[in-house]
Amino acid sequence: MKSSNKILGILLLLIYVCVATALLNDAFIKPYNLQNLLRSSSMFAIIGIGAVLVIVTGGIDLSTGSLIGLVGCTMIMTLKSWSQYPPGDNGAWLVQLIGVELLLVAAGWVLWDTLVKRRKLLTHARRPKTGLLVAGVLLLVVAFWLRSTEHGNWMTMAVSVGVALWLSAHLGLLHGLMITKLGLQPFVVTLCGLMIYRGLSRYLTGDQTQGLGTEYNDSLRLLAIGKPCTATAVMLAVGIVLLLVGMWKSFVSKRSRRDATARSNGLVLLVLGAVTAVVASSRYWDGWTVEFGNTFAQVAGLELKFFTLDLPERAIARPAHLMSFAWIPLIVCFGGLAFLTARRTLGQADRRLLIGRLLPLLVVAGGLAALLAVMNWIGGETITLANMKSAFVSAEAAGSGDRFLLGMNVVLWKMLGVFFNMGVVMGGVLWLGKSWTRSAGNLPRALWIFTLFFAVLWLLSKTAIHETVVQTPFFFLVVIGALAGIFLNTTVFGRYFFALGNNEEAARYSGINTDNMTILAYVLCALCGGFGAVLFTLDSNNVEPSGHGSFYELYAIAAAVLGGSSLRGGEGSILGVIIGASIMRVLYNAPDMIGIASQLEMFTIGIVLLIGIIVDETARRTAAKRDRKTAL
Amino acid sequence: MNNDQPILHVKEISKRFPGVVALDRVSLELGQSEILAVIGENGAGKSTLMKILAGNQLPDDGEILVDGVPQTIDSVQAARANGIALIHQELNLCQNLDVGANIFLGREPTRGGMIDRQRIRVQSETILQQVGLDLSPDELVGHLTIGQQQMVEIAKAISTEARIVIMDEPTSSLSQREANKLFDIIRQLKSRGVSVIYISHRLGEVELIADRVEVLRDGRNAGQLPRHEINHQAMVERMVGREIDSYYSRTDCARDDAAIEVRRLRTFANPHHEVSFRVQAGEIVGIAGLVGAGRTELLMTLFGITPATEGSIVIGGQQAEIPDSQTAMQLGIGLVPEDRKQQGVLLPMSVRENTSLSTLSTLAQLGFVDRGREYELATEMTRRLGTRTPHIEQPVKFLSGGNQQKVVIAKWLAREPAILLMDEPTRGVDVGARQEIYKLMDDLSRAGVAILFVSSDMEEVLGMSDRIIVMHEGTISGELASEQFSEEAVMTLATGGQLDQPTHSAGGGQP
């Protein structure tokens with residue numbers, strides 16, 4: 001219950017960030033930008049999933065970024081140097097390596113048991129040992145077969161990806177072993193990893209930038225830049241899936257027979273799915289080249305034409321026009337929501353607390369403004385309303401900044417204005433989303449739903465869905481996300497992860513093998529990082545050993561935390577981290593869209609996130625304090 | 001005793017925690033240079049009362065008068081300003097600092113903005129001499145024995161020039177010699193006009209030094225005893241306030257076959273001492289002893305948390321090796337650990353998730369948890385143990401201590417263990433739930449489960465056990481069959497004495 005609230009909160013946040021950016025610049029929502037955003041969000045979400053798996057167990061992995069660099073370099077070097085050998089041999093080599101490894105592990109285990117533990121041969125843990133042996137032998141047989149038959153070039157490419165994953169899994173295993181068996185702190189181990197892998201990749205490549213050139217553009221690189229279909233097709237698929245899930249939930253599943261709420265929720269899903277599927281599929285009926293109907297709304301207009309054949313063009317376009325005005329009710333709804341919150345929160349005795357905490361924030365803002373005023377004065381420019389207005393509104397003003405001190409005055413103004421507000425509202429939105437979904441009251445709940453509805457409507461009215469290409473990383477994300485979600489929420493191991501993160505001692509006292517779970521978490525995290533590395537490398541095709549993947553671990557962790565994971569462990573959600581990663585990417589994209597110098601994009605993300613978190617946390621504490629008071 | 005005006009007067013204070021009333025209109029008076037002992041069972045509200053006096057918690061109702069003036073004691077600083085110092089039951093020393101630094105922690109004398117180390121050293125030396133600790137102030141606290149650390153803690157309290165010193169079970173980790181030294185210090189303090197509130201479970205000590213005894217029971221005042229009326233019998237009567245026989249339900253049903261037999265076992269914590277004993281199926285064996293006697297460590301070894309360094313364990317006639325807790329579980333052992341919040345339950349997780357945690361792999365198919373069966377199990381266990389929770393999705397942190405303990409027990413019952421190890425099974429559990437847990441232990445033993453439990457609650461050990469094993473400094477100092485049960489016998493063995501006179505059982509009035 002609790003985590004789903006959090007997810008709704010950050011979903012609202014994502015939509016807010018998108019709407020805000022789109023309002024500031026239409027280019028945000030153009031197909032090309034969306035397509036890039038979707039691709040990079042997907043890749044960051046994949047490494048974010050890894051971060052969540054570790055954070056849930058109460059650990060942290062700081063080495064992901066360097067690991068991405070090292071794995072990327074290794075993959076390209078492997079691919080380049082191995083392409084001179086027969087593909088079959090390459091495949092055989094990797095399979096053979098894994099097979100021998102398994103055999104060695106099995107042999108080592110048996111020896112340890114008999115010599116050190118003094119157990120009789122094969123009396124203890126017989127099944128895993130024989131499993132290892134059989135798997136090892138089988139792999140050796142496969143290797144033999146690979147060597148003796150002919151294979152295409154794809155084998156070498158697969159092997160290079162395989163080597164990348166093999167390497168990252170082993171690095172993760174190493175992290176896990178050091179954390180559990182040597183009792184080192186995860187922070188320290190992975191911090192050392194961060195430095196070691198970075199240095200190693202620079203040494204291995206001789207600091208030379210690695211790239212594949214154009215040779216693999218229509219083979220291996222398709223993994224990252226392939227364009228299998230457009231957003232319309234994805235929507236069609238999503239619609240059908242929603243339809244089926246809705247059907248299952250409302251008519252078939254056991255719960256639907258007991259629980260009326262579950263049934264009605266299922267019906268909502270069913271209707272949503274049907275609408276999405278119908279609207280999306282209308283693109284197929286009209287064909288791909290129809291001039292009219294760029295946006296979702298216009299598609300819906302064509303839908304009208306499909307049913308009532310004699311409609312004039314203007315009438316068809318009407319829904320699209322109407323939808324593009326959805327921002328008016330959106331602002332009204334959101335304002336109402338904010339007003340209700342303010343009334344509820346400020347009407348209480350805890351006003352002092354709220355103001356006491358937010359006042360420092362205002363003081364900081366005032367200080368920055370004063371600093372700017374002084375800089376302005378030194379630069380010989382007085383602050384006028386027109387200056388400020390131009391700073392807020394026009395993107396071109398950034399260019400005229402060189403008259404001022406440091407040449408970034410206007411940029412700073414713009415940032416302070418837009419992003420300070422954005423941060424404050426973002427924190428408010430985050431808290432609103434989390435609290436309104438939980439608290440009682442039909443009016444705020446209705447407002448919440450309408451806010452969401454109009455926001456989506458307005459965004460879609462601007463989006464040319466049939467031109468927006470969805471690239472391959474998105475599909476990998478869907479698969480990995482689904483697997484990780486199932487793993488974390490429905491399997492025994494997933495439950496153990498949560499237990500481990502909540503309280504390792506209690507988990508151990510409940511008979512959970514906490515060491516193995518920790519190791520598994522780090523291996524899975526590194527595997528996600530490794531797969532991310534493959535995609536990042538193929539996407540950029542230009543791997544600079546000293547910089548590729550720098551700070552990516554922090555993006556992943558930030559996405560996880562935004563998505564409702566607690567760094568203390570025991571909390572985390574896969575859906576949350578995916579939304580969190582998207583927010584991070586939109587924030588990264590937004591300064592560019594508004595015309596802020598790209599050097600400042602990190603600065604802006606930091607400021608916006610910080611202010612957002614301060615506001616969210618303050619609101620949460622205030623609410624918690626009030627709840628305690630009313631409870632007594 | 002100066003009777004003019006009490007220097008501390010607690011007036012009808014109350015404190016409620018979610019689900020529990022810890023204090024219900026409790027009053028207390030303390031005269032100048034008086035030694036007041038506050039006694040009561042676990043959970044009677046002593047610790048809460050003392051935490052309120054020391055400024056760690058605020059009362060919900062009532063007031064505190066110091067020298068007849070109402071005071072709000074809302075922080076440790078406020079308590080200190082009023083001349084109140086609390087010596088906690090648990091040690092609160094910085095292990096990485098030296099003795100002098102610990103004594104003056106938070107009020108370091110300075111000279112020109114820098115810490116005046118010379119003054120700290122000189123002053124600490126005087127204080128250490130006062131408490132009779134032969135130590136250099138430069139010694140690292142981490143290198144001291146627990147007993148010495150306790151004395152440093154006391155030195156710290158004295159050094160604040162407190163007028164009221166509260167000691168919460170100060171002797172629980174002291175040797176007899178150190179304890180005697182402590183009594184001398186208390187008498188010294190008294191002669192200097194300092195008042196002492198002394199909390200202890202050891203009624204012998206109370207008899208020895210208290211001027212007056214205040215008894216608490218279930219968060220209420222349960223009577224006072226002036227100096228001449230202080231005796232064991234009277235104190236126990238007021239503490240328990242009920243017939244002990246009806247409180248503990250025990251039917252003897254030990255069978256002949258040994259469920260677990262331990263031979264010459266050396267634990268990781270006490271590698272120089274051997275332990276040998278056996279527990280029959282259907283038998284309840286209590287392990288008594290002082291804190292630090294190695295009781296908890298023994299249970300942890302049997303459950304494989306810290307593997308044994310030497311010796312053998314025979315379970316159901318089979319030689320067994322327990323390198324980790326998974327193996328222990330497979331052998332049919334369950335452990336209800338000592339620290340419930342830290343080791344027993346996962347506080348933010350639900351009753352359902354906590355109940356199924358140790359059985360999860362048997363409830364799963366191909367690694368996927370079968371939610372339906374998990375739900376059934378949790379519902380069944382909640383019903384069987386009478387756990388009071390609104391629904392099984394309730395996070396465990398919102399349950400009372402007793403109900404949390406039931407969830408821990410349910411977790412092990414789900415595995416149907418042959419041997420159940422329980423470490424302080426009723427610590428922090430309210431009286432009603434406690435009785436239910438006793439009943440449950442009895443039911444289990446009747447079903448043939450061997451129960452080995454550690455308890456510091458003397459009444460509980462005497463009331464629930466078929467046999468008592470007493471431990472002292474890592475070894476078993478003696479075993480008592482039910483006809484030998486008496487508080488004196490247990491205490492004698494627990495403090496390292498010998499049971500040469502078997503006629504001890506007459507005293508104390510215990511069953």
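Reader: How many residues does the contact take from chain B and from chain A?
Author: This is a predicted model, in which local features need pLDDT of at least 70 and side-chain atom pairs count only at pLDDT 80 or more, while totals for chains, interfaces and linings use all residues. Residues are numbered from 1 along each chain as its sequence is written, chains are lettered from A and ligands numbered from 1 in the order in which they are written, and side-chain values use heavy atoms, with hydrogens and water left out. With contact taken as heavy atoms within 4.5 Å, the contact takes 33 residues from chain B and 21 residues from chain A.

Reader: Which three residues supply 21% of the area that chain B buries against chain A?
Author: Buried area is the accessible area (1.4 Å probe) that two parts lose on being put together, summed over both. Chain B and chain A bury about 2,200 Å² between them, with 52% of it on carbon and sulfur atoms. On the side of chain B, more of its buried area comes from one set of three residues than from any other three, namely Gln326(B), Gln343(B) and Leu357(B).

Reader: Which side chain of chain A meets Glu374(B) in a salt bridge?
Author: A salt bridge is a side-chain nitrogen of Lys or Arg within 4 Å of a carboxyl oxygen of Asp or Glu, and across the interface of chain B and chain A the rule finds two of them. In one of these, at 2.6 Å from N to O, the partner of Glu374(B) is Arg495(A).

Reader: Is Val105(A) buried, exposed or partly exposed?
Author: Val105(A) is found in helix H4 (residues 87-116) of chain A, where helices (H or I, at least four residues) and strands (E, at least two) are DSSP runs numbered from the N terminus. Buried means under 20% relative accessible area and exposed over 50%, with partly exposed in between (1.4 Å probe, protein chains only). Because its relative accessible area is 46%, Val105(A) is partly exposed.

Reader: What is the mean pLDDT of chain A?
Author: pLDDT is the predictor's confidence in each residue, from 0 to 100. It stays under 50 over residues 388-408 of chain A, yet 72% of the residues of chain A reach 70 or more. The mean pLDDT of chain A is 79.

Reader: What percentage of the residues of chain B count as buried?
Author: The secondary structure of chain B comes to 19 helices and 24 strands. Of the 511 residues of chain B, the share that count as buried is 55%.
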